[in-house]
Amino acid sequence: MAQSNLLEVDWSKIPAPEDDGAAVHLAGTMIPPVTLLATDDRSVTLSALAGRTVVFAYPRTGEPGKISLVDDWDMVPGARGCTPQTCSFRDLFAELKAAGANHVFGLSTQDNVYQTEMASRLHLPFPVLSDEKLVLSRALKLPTMQVAGLTLIKRLALIVDDGRITHVFYPVFPPDRNAGDVLAWLRENPA
């Protein structure tokens with residue numbers, strides 16, 4: 001089935017993910033010294049970044065007109081909405097920076113070649129990190145799901161201060177409101 005418009009979603013028809021407790025261990029955890037390739041061709045080690053970093057993770061963005069990973073993708077709780085989530089961070093990027101985010105990154109297990117095309121197509125002002133080999137996901141024990149034989153990161157957002165996770169947004173639903181929720185938290189909790 002070809003994917004419909006990736007940005008216009010009736011969230012009332014999409015199953016919301018439940019809090020399965022898979023992220024409770026993350027707050028207070030130090031990010032391990034894992035280096036990931038970014039869409040701006042940099043190698044990024046989140047643990048080495050000074051100041052406040054926002055990392056939002058998602059299963060995988062789609063491509064307009066392309067076939068979905070599985071026919072019932074929209075019915076997998078937490079699967080649908082990666083593009084709206086990413087675009088909401090794009091649209092609020094300047095405000096996130098003004099509210100104290102020194103760095104903003106997207107994160108998925110998709111390969112860097114695909115992510116680079118997506119970042120260009122969506123005009124992202126921030127890099128997206130590829131954890132294609134699941135090195136960071138496994139080291140942090142990020143919540144994941146299995147779809148079509150692939151391990152995908154469940155949607156979440158992390159606030160990282162000087163390499164330590166200080167706040168976790170999980171589960172995230174609806175995805176297009178995640179950036180607004182992160183922005184509100186940043187404003188209420190200055191670094």
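A nonpolar core, as I use the term here, is a set of buried Ala, Val, Leu, Ile, Met, Phe, Trp, Tyr and Cys residues joined through side-chain atoms within 4.5 Å. I keep in mind throughout that this is a predicted model.

**Entry 1: the cores.** I looked up the largest nonpolar core, which has 28 residues, and noted that V54, F89, L96, V104, F126, V182 and L186 touch the most other members. I then asked which elements supply at least two residues each, and found β3 (52-57), α1, α2 (93-98), α3, β8 (156-161) and α5 (178-188). The largest share, five residues, comes from α5. Apart from this core I found another, of 24 residues, which includes V55, L140, V160 and I165.

**Entry 2: helix α3.** Which residues of α3 (residues 112-121) are buried? I noted N112, Y114, Q115, M118 and A119. Looking down the helix axis, I saw that these buried residues fall within an arc of 155 degrees, so they line one face of α3. This recalls that an α-helix has 3.6 residues a turn, so residues three or four places apart point the same way. On the other side of α3 I found V113 and S120 exposed. For the cover over the buried residues I recorded, among other things, β1 (35-38), α1 (82-91), β4 (103-108) and β5 (128-130). At the start of the helix, I noted that a side-chain oxygen of D111 comes to within 3.1 Å of the backbone nitrogen of V113, and after the helix I came to H123, with a positive phi near 55 degrees.

**Entry 3: backbone exceptions.** I began from the general rule that most residues other than glycine have a negative phi, and most peptide bonds are trans. In the loop between β1 and β2 (43-45) I found D41, whose phi is positive, near 70 degrees; D41 is exposed, with a relative accessible area of 63%. In the loop between β8 and β9 I found D162, with a positive phi near 50 degrees. Turning to the loop between β9 (164-169) and α5, where P171 has its place, I noted a cis peptide bond joining Y170 and P171, with omega about -10 degrees. P174 also lies in the loop between β9 and α5, and the bond from F173 to P174 is cis, with omega near -10 degrees.

Technical notes. Residues are numbered from 1 along each chain as its sequence is written. This is a predicted model: local features need pLDDT of at least 70, side-chain atom pairs count only at pLDDT 80 or more; totals for chains, interfaces and linings use all residues. Side-chain values use heavy atoms; hydrogens and water are left out. Buried means under 20% relative accessible area, exposed over 50%, partly exposed in between (1.4 Å probe, protein chains only). Helices (H or I, at least four residues) and strands (E, at least two) are DSSP runs, numbered from the N terminus. The arc is that of the directions from the helix axis to the C-beta atoms. Contact means heavy atoms within 4.5 Å. A polar contact is a pair of N or O atoms within 3.5 Å; within protein, one must be able to donate a hydrogen and the other to accept it, and residues adjacent in sequence count only if both atoms are side-chain atoms.
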